[in-house]
Amino acid sequence: MPTQGSSNESEHDPQLDELRKILFGEENQHITGAIRQDARQIVSDVFSEALKDRQDRDGSVKKVMTPLVDKSVEYSVANRKEQFVGYLYPIVGSVVRKSVTAFLTEFIERTNQLLENSLTIKGLTWRVKARQAGVPYANYVASQTFNYRVEQVFLIHRETGLLLNSLAYNQQSSADADLISSMLTAINDFVSDSFKPNADGNEQGLDIVKTDDFTLVLKAGPRAVLVAAVTGNMPQRVADQLQLTIEEIHTLYEGPLADFNGDTSAFADCDQQLTDCLVSELKDQATGKKSKPWMAWCILILLAFGTSFYAYKLWLVQGYVNQIQALNQEPGIMLIRAKRDGIQEVKLDVLRDPDAQPISTWLAAHEIPAEAISLTEKRFLSLESQIIHARLRALLSNYPGIALASDGKTLTGELTQQQYHALSADLSQLPGVTDPKTLLAPIQISDKQTLELGAKDSAMTLIKLKISLINSTYVEFASNSTQLSPQAEQSLASLASHAKALLSLAGQAQLDVSFIIIGASDAKGSQSYNEVLSIKRAQTVKVTLQEYGLPSDKLNAIGIGIIDVPDAGNGARKVLFNVITTQASRSNG
């Protein structure tokens, strides 16, 4: 029987070595070549069975293939979008529905959990106890809800202490910054100080590090360390799972771990292995009556009531706004703005003729409470026929014998000569009345012959009064400006009424009347410039008076330049008026 020594000698027999070289080749190339010829067929015959056997044995096929499939899909989406969309189109509707369903289910579950844990007596008690213990509320809830839970796992390179990858329970790689910082500090110290050989050459290290908030469980391999942060009472199977995972990582990432140079991108796909370590176990729920989140229900009821009240007030105020739009159809009223201001008030801006219906009366007629309206009212002169008739009726109340005809275009009745001239003067000043003679034509004069001289004297008195009134009128301008202010336009509107009345009276008294418009400026600026400026101001006033109905041949605009009066101040920037009367020439009959 050959001994052990004889067998070793036969293995290194030069003749046998030479025979092997002849049969197999110098580098076994004869066998390798023969295998390579049929390698594809050999592998294809056992490929599926081999993958299944390996997956059944340790599940590593799925973990290796998952990141490869993810990268392939990512490449297809980035570079072949149209084809990829075409492939997914038939199922995208079903995927969206399932995704929405899953989202709603998760949302309801999370909302229910939030209500139970936050808006109940139990939840409030937990918050107080968490504050007393000086721990985050989320950690305290986890300790009360779970027997244990792996909050986060870290994969650390053993030699350098660098973090290769990490995974949290909530699938976010970046959890609380303080927690991660403290963990990494402890781990780096552990890697630097704990994994050092003893004097006898054996390595020493810790398996568990306990803190106030969690337990660090460490499983060391030849080239990497797996660390898990666990809350609660950890069973032995957690440590066993960590051991299996670190061994699997060493098997799958042996090359990157051996050649690690600080680049952690090679370990980005080990999430599948780290996910297996994120395990937890809920506590058994008490069989007693489940607490009701009555506080949450009270808050929800109050919110519903408040929302309903707000919606009702909003609807009510918006209804007022819609009703107020009809105000624009009222004669003598122009609606500028009707806008809701919150849920209590409507801001209302209008222009109203003094003879139009009061806004408060209109609001009351439409059952809109006055306290809900913030009214800003400005006056303007309306030329609508209803408003003109209202002005006429108000004026005719001073003349009991006169009435407005049914056609609204003439007056009927009888007046004395003096009353006739007074009414004619009043009508000429009434806004909207453009032809007083037509209105007065049907009126009968009771004392035309006996009081003719007195009527003429009365007319002259009125003429002198109008002339005095016009001569005392002036309009002011801003510095270096020819634009009329709103106050100046209002003064010119009144002056135009008086001027038209004067023209009417002068015609009856057989007088010719013309108006001199005198523009002036202050002493600022050069004399030549101020002369031009004063003429422009006079021309501006002349054009405005023409727009109000005065004949242009009766208006004469001149500029006198600077009024150098020291005490005049801003009063020198104005336009003055002067009325010139002459006896009208009579044509021979």
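Let's start with helix α10 (residues 236-252), whose 17 residues reach 25 Å from the first C-alpha to the last, close to the 24 Å expected at 1.5 Å a residue. That expected span is 1.5 Å times one less than the number of residues. Helices here are DSSP runs of H or I with at least four residues, strands are runs of E with at least two, and both are numbered from the N terminus. The buried residues of α10 are Val238, Ala239, Leu242, Thr245, Ile246, Glu248, Ile249 and His250. Buried means under 20% relative accessible area, exposed means over 50%, and partly exposed lies in between, with a 1.4 Å probe and protein chains only.

A word on the model before we go on. It is predicted, so local features need pLDDT of at least 70 and side-chain atom pairs count only at pLDDT 80 or more, while totals for chains, interfaces and linings use all residues. Residues are numbered from 1 along each chain as its sequence is written, and side-chain values use heavy atoms, with hydrogens and water left out.

Stepping back to the whole chain, you will find 20 helices and 16 strands. Of its 589 residues, 31% count as buried. The chain exposes about 36,900 Å², and carbon and sulfur atoms supply 54% of that area; the areas come from the Shrake-Rupley method with a 1.4 Å probe, and for residues only the protein chains shown count as cover. Among contacts with a separation of 6 or more, 65% are between residues 24 or more positions apart, where contact means heavy atoms within 4.5 Å.

Now move along to helix α15 (residues 385-396). Its twelve residues should span 16 Å at 1.5 Å a residue, and its end C-alpha atoms are 16 Å apart, which agrees. Ile387, Ile388, Arg391, Leu392, Leu395 and Leu396 are buried in α15, and the buried residues of this helix pack against β10 (402-404), β11 (411-415), α16 and α17 (436-440).

Helix α16 (residues 417-428) also packs with helix α19 (residues 486-508), at an angle of about 145° and with axes 8 Å apart. Axes are lines fitted to C-alpha atoms, for helices over the stretch in contact, and angles run from 0 to 180 degrees between N-to-C directions. On the α16 side the contact is made by His421, Ser424, Ala425 and Ser428, and on the α19 side by Ser497, Ala501, Ser504 and Gln508. By class, this contact has two nonpolar, six polar and no charged residues. Nonpolar covers Ala, Val, Leu, Ile, Met, Phe, Trp, Tyr, Cys and Pro, charged covers Asp, Glu, Lys and Arg, and the others, Gly among them, are polar.

The loop between β13 (474-476) and α19 holds phenylalanine 477, which counts as buried at 4% relative accessibility. Leaving aside neighbours within four places in sequence, phenylalanine 477 is in contact with Thr482, Gln483, Leu484, Arg537, Val541, Arg573, Lys574 and Val575. The C-alpha atoms of phenylalanine 477 and lysine 574 are separated by 5.7 Å, although the two are 97 residues apart along the chain. Leu484 is also touched by threonine 544, a buried residue with a relative accessible area of 11% in helix α20 (residues 527-547).

Asparagine 480, in the loop between β13 and α19, has a positive phi near 60°. Most residues other than glycine have a negative phi. Glutamate 367 likewise has phi near 60°; this residue lies in the loop between α14 (359-365) and β9 (373-379) and is exposed, with a relative accessible area of 69%.
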